[in-house]
Amino acid sequence: MGKFFLKLLKYIMITFISLVSILFVIGFLFIQFSPQFGGESSDELKAEYSKYPYYSEGKFSNLIPTTMDMNTGKAIRMLPEFFKNDPARLPDFELPLEKRDSLELVQDSIPTRLVWFGHSAFLLQLDGKNILIDPMLGEVPAPNPLLGKKRFSKELPIEIEKLPKIDLILISHDHYDHLDYESIQKLKAKTAKYLVPLGVGAHFERWGVDRKDIEEFAWWEELELDSIRFAFTPSRHFSGRGLGNRFSTLWGSWVIQGTSDKLYFSGDSGYGPHFKEIGEKYGPFDFAMLECGQYNENWKEIHMMPEETAQSSLDLQANAFMPIHWGAFTLAMHSWTDPVERVMKRSNEIGANVFVPKIGEFIELSSETRITETWWIKP
């Protein structure tokens with residue numbers, strides 16, 4: 001009987017080790033060959049990046065010391081909390097969403113306006129140009145659908161196939177909830193140009209975009225295209241799409257100045273002095289889109305708390321701002337409405353003009369931006 005149990009135990013151990021080995025090989029091959037992970041900059045480009053003071057030994061860094069207070073052990077310990085089935089992290093009703101028709105996006109004399117797709121994705125129509133900002137338009141912000149949670153809304157305001165010709169795509173950084181492989185594949189045929197941070201161009205090249213259509217930016221670099229001026233400005237965050245390539249590409253925010261309207265898009269950022277510096281150099285802004293969601297005390301230096309979001313709008317000298325990086329996905333442990341509740345409360349206290357549009361609603365800068373309904377509250 002003892003020999004039988006020893007043989008059984010040996011068989012179980014061999015089976016377990018074999019399964020682990022197979023999973024390891026599958027994971028390794030997936031990371032190595034799956035296009036979702038993007039590409040890597042050439043040695044020549046990396047040598048060029050070395051001229052910037054915030055690039056050293058193959059990595060970019062923030063302008064001020066920044067830690068996430070999250071080592072591997074702590075991250076593993078937090079996994080049960082992250083995947084905990086907490087009803088407050090998801091809407092328990094169908095979110096109101098305004099559908100957009102392709103014809104209304106190609107009318108003549110369109111005023112400056114935006115359409116929010118939830119999270120940090122926008123269509124901006126400015127001076128006759130169609131500009132997509134961080135177009136993560138897929139269902140799951142992960143390299144594989146099994147590795148993330150689905151979008152709150154069952155549909156988008158308008159499907160990618162019905163979007164008009166896109167003049168520009170702006171990218172703030174290469175994380176999956178801001179740069180989506182499947183979305184880019186669908187957008188390639190209708191997109192003329194891509195403005196991206198240093199290093200991010202390699203992802204687009206691997207995905208079949210011609211290098212001549214890609215413009216990479218360092219912090220504070222500017223570009224004028226027709227009547228629109230773009231400036232890539234700092235944020236306090238990090239980058240990376242795979243194991244071992246964190247900080248390999250740059251991250252940042254965008255200043256977009258048209259003939260009569262000036263906008264700011266924060267990308268992802270912890271709070272810091274860069275907001276005031278950007279406001280002094282480029283402000284005041286007519287409208288700012290500011291990160292406000294997916295925060296936690298363990299990573300507060302790379303994702304602002306809602307109270308800091310409200311303060312950053314004043315630092316930027318924004319006439320009005322809207323909280324972004326919420327309303328679409330669960331990527332942290334707070335309730336799904338915590339960002340909007342807290343940022344509204346603090347904005348009222350300090351006199352910041354906050355605007356919270358519905359997903360799909362036209363945000364027209366020629367009109368007064370004000371909250372018309374608290375759509376995030378269950379009817």
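## Second largest pocket

Six nonpolar, 11 polar and five charged residues make up the lining of the second largest pocket. The structure is a predicted model. The space in this pocket comes to about 430 Å³. Its lining has 22 residues, and Gly39, Glu40, Leu243, Asn245 and Ser248 lie closest to the pocket centre. Two or more lining residues come from each of the elements α1 (2-33) and α2 (43-49).

## Nonpolar cores

Nonpolar side chains in soluble globular proteins tend to be buried together. In this model the largest nonpolar core contains 67 residues, and Phe122 and Phe287 have the most contacts inside it. Beyond four places in sequence, Phe122 is in contact with Leu114, Val115, Trp116, Phe117, Ile131, Leu132, Ile133, Phe265, Met289, Met322, Ile324 and Ile363. Another core, of 26 residues, lies apart from the largest one; Leu123, Leu137, Ile158 and Val200 are among its members.

Ile171 sits in the loop that runs between β6 (166-170) and α4 (181-187). Ile171 counts as buried because its relative accessibility is 0%, against a cut-off of under 20%.

Asp134 is 37 residues away from Ile171 along the chain, yet the C-alpha atoms of the two are separated by 5.0 Å.

Definitions and conventions. Residues are numbered from 1 along each chain as its sequence is written. This is a predicted model: local features need pLDDT of at least 70, side-chain atom pairs count only at pLDDT 80 or more; totals for chains, interfaces and linings use all residues. Side-chain values use heavy atoms; hydrogens and water are left out. Helices (H or I, at least four residues) and strands (E, at least two) are DSSP runs, numbered from the N terminus. Buried means under 20% relative accessible area, exposed over 50%, partly exposed in between (1.4 Å probe, protein chains only). A nonpolar core is a set of buried Ala, Val, Leu, Ile, Met, Phe, Trp, Tyr and Cys residues joined through side-chain atoms within 4.5 Å. Contact means heavy atoms within 4.5 Å. On a 1 Å grid over the protein atoms alone, a cavity is a set of points where a 1.4 Å probe fits but cannot get out, and a pocket is an open set with protein on both sides within 12 Å along at least five of seven lines; lining residues have an atom within 4 Å of a point. Grid points are joined across faces, edges and corners, and a volume is the space filled by probe spheres set on the points. Ala, Val, Leu, Ile, Met, Phe, Trp, Tyr, Cys and Pro count as nonpolar, Asp, Glu, Lys and Arg as charged, and the others, Gly among them, as polar.
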